[in-house]
Amino acid sequence: MESISLKSILSHASICMHSSQTVDGALEVMDLNSISSVVIVDDESHPVGIFTEYDALRIIAEKTDTQKTLSEEMTPDPLCVAETLNIHDAYTIMENKGYRHLVVVDADKKFVGIVSEGDFIRHISFKELNKFSRISDIISSSPQVINKSTTIAET
């Protein structure tokens, strides 16, 4: 099987922001671009944090002031992987860590993009998907069920 690097599947909507920008600004950028995360970079474009939809949900649930800076609410020191990494190796890392996004950097450790679960799904071959013979091989054995009247904060 041909080796495909992360560089070839990077999200085109990868967006970075600076830690001095506000949570409100990040939420707006995420909404406008229909993306689930933004990477926080320093002045040299090195990733210093990530702000994801999980951070946004936490902020909503805790009723946190959205005028706070990203430096106060981001997840610091994101795991970064090289753009030359094979996609299968990268997916294994992401799965083992329980992450939904991987921050991708170049040889100088500068931000070049992000890969998400969706990017992997779009690029995994049918051969890989066909290794599962039953739905039970891939679904969660303990799905979470909530009542439709449950609030977002409770969820």
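1. Setting aside residues within four places of it in sequence, Thr 69 is in contact with Ser 19, Ser 20, Gln 21, Thr 22 and Val 23. The model is a predicted one.

2. Thr 69 belongs to the loop between α2 and α3, the latter spanning 70-73. A polar contact of 2.8 Å joins the side chain of Thr 69 to the side chain of Ser 71.

3. Is Thr 69 buried or partly exposed? Its relative accessible area is 21%, and residues count as buried only under 20%, so Thr 69 is classed as partly exposed.

4. The second largest pocket holds about 280 Å³ of space. Its lining is made up of 14 residues, and those closest to the pocket centre are Ile 50, Thr 52, Tyr 99, Arg 100 and His 101.

5. Which elements each supply at least two residues of that lining? They are β3 (47-52), α2 (53-62) and β6 (101-105). The most comes from β6, which gives three residues.

6. By residue class, the lining of the second largest pocket has seven nonpolar, four polar and three charged residues.

Terms used. Residues numbered from 1 in each chain as written. Predicted model: local features only at pLDDT ≥ 70, side-chain atom pairs only at ≥ 80, totals over all residues. Heavy atoms only, no water. 1 Å grid on protein atoms, 1.4 Å probe; cavity = no way out; pocket = protein on both sides within 12 Å on 5 of 7 lines; lining within 4 Å. Points joined across faces, edges and corners; volume = space filled by probe spheres on them. Helix = DSSP H or I, 4+ residues; strand = E, 2+ residues; numbered from the N terminus. Nonpolar A, V, L, I, M, F, W, Y, C, P; charged D, E, K, R; others polar. Buried < 20%, exposed > 50% of the residue type's maximum accessible area, 1.4 Å probe, protein only. Contact = heavy atoms within 4.5 Å. Polar contact = N/O pair within 3.5 Å; in protein donor to acceptor, adjacent residues only side chain to side chain.
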